[in-house]
Amino acid sequence: MLVAVGSKNPVKIESVRLAYAALRPDGQRSVEGCEVDSSVPDQPLSEDETRLGARMRARRAREALGADHGVGLEGGLQELDGRWFNCGWVCVVDADGREGLGATIRMVVPQPVMDLVLAGHELGEACRRVLAAPDGAPGNGHFGLMTGNAVDRTRAYRDAVVAALAGLRHAAPR
């Protein structure tokens with residue numbers, strides 16, 4: 001089985017590899033990343049944009065590599081009750097056009113970080129400026145920096161890929 005990930009980001013590729021290994025421990029698979037256009041801004045600022053980005057990455061990755069499954073992972077920000085939250089969406093599509101969706105946990109984004117994002121910086125850069133570890137290392141993304149690495153990006157996305165695969169497993173045929 002070939003699994004195409006709509007990103008060359010090593011964290012996202014590893015998250016997909018770990019999720020497939022957890023659900024299909026004896027299955028033979030190859031997980032490959034490829035650069036594709038998400039059709040959304042580099043920093044999505046709504047849940048709809050984030051889900052669309054994941055969906056487009058999944059479809060385009062599957063098509064680009066002729067894969068059995070395409071996986072799109074898209075991180076974005078959503079405003080809820082006057083506060084901003086970081087959440088990643090995952091879409092898995094198969095060759096029949098069926099799809100499964102999953103999401104990471106949502107975590108509040110501190111206002112100083114959000115001020116930089118709204119001024120045009122991506123979340124990762126804003127976190128590096130405001131939340132960086134004392135040694136200047138960026139840590140494990142927003143989730144890792146906020147939780148002292150109790151939750152990191154790889155784990156958060158791995159769980160979201162598992163959720164998306166569960167949805168795909170039970171999706172109605174098209």
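The model is predicted, so local features are given only at pLDDT of at least 70 and side-chain atom pairs only at pLDDT 80 or more, while totals for chains, interfaces and linings use all residues. Residues are numbered from 1 along each chain as its sequence is written, and side-chain values use heavy atoms, with hydrogens and water left out.

**Stop 1: the largest pocket**

Select Asn9, Lys12, Glu122, Gly124 and Arg153, which lie nearest the centre of the largest pocket. A pocket here is an open set of points on a 1 Å grid over the protein atoms alone, where a 1.4 Å probe fits and protein lies on both sides within 12 Å along at least five of seven lines. Lining residues have an atom within 4 Å of a point. The lining has 37 residues, and the space in the pocket is about 850 Å³. That volume is the space filled by probe spheres set on the points, with grid points joined across faces, edges and corners.

Next, colour the elements that give two or more residues to this lining: α1 (10-23), β3 (69-80), β4 (83-94), α4 (123-131), α5 (141-147) and α6 (153-169). Helices (H or I, at least four residues) and strands (E, at least two) are DSSP runs, numbered from the N terminus. Which element gives the most to the lining? It is α4, with five residues.

Colouring the lining by residue type gives twelve nonpolar, 14 polar and eleven charged residues. Nonpolar covers Ala, Val, Leu, Ile, Met, Phe, Trp, Tyr, Cys and Pro; charged covers Asp, Glu, Lys and Arg; the others, Gly among them, are polar.

**Stop 2: the nonpolar cores**

Select Val16, Tyr20, Val71, Leu73, Val90, Val92 and Val161, the residues with the most contacts inside the largest nonpolar core, which has 15 residues. Such a core is a set of buried Ala, Val, Leu, Ile, Met, Phe, Trp, Tyr and Cys residues joined through side-chain atoms within 4.5 Å. Buried means under 20% relative accessible area, exposed over 50%, and partly exposed in between (1.4 Å probe, protein chains only). At least two residues of this core come from each of β1 (2-5), α1, β3, β4 and α6. The largest share, six residues, is from α6.

Stay with leucine 73 and show its contacts (heavy atoms within 4.5 Å). Beyond its neighbours within four places in sequence, leucine 73 is in contact with Val5, Lys12, Val16, Arg57, Trp89, Val90, Tyr157 and Val161.

Then select Val109, Met114, Val117 and Leu123, which are among the ten residues of a second, separate core. In soluble globular proteins, nonpolar side chains tend to be buried together.

**Stop 3: helix α6**

**Stop 4**

Select threonine 50, in helix α2 (residues 47-65). Threonine 50 is buried, with a relative accessible area of 0%. Not counting residues up to four places away in sequence, threonine 50 touches Pro44, Glu74, Gly75, Gly76, Leu77, Gln78, Cys87 and Trp89.

Move to glycine 70, in strand β3. Glycine 70 is also buried, at 0% relative accessible area. Leaving aside neighbours within four places in sequence, glycine 70 is in contact with Ala4, Ala58, Arg62, Cys91, Val92 and Val93.

**Stop 4: positive phi angles and the loops**

Select serine 39, in the loop between β2 (30-33) and α2. Serine 39 is not a glycine, yet has a positive phi of about 70°. Is serine 39 exposed or partly exposed? At 37% relative accessibility, serine 39 is partly exposed.

Aspartate 81, in the loop between β3 and β4, is not a glycine and has a positive phi of about 50°. With a relative accessible area of 80%, aspartate 81 is exposed.

End at alanine 132, in the loop between α4 and α5. The C-alpha atoms of alanine 132 and leucine 145 are 13 residues apart along the chain and separated by 7.2 Å.
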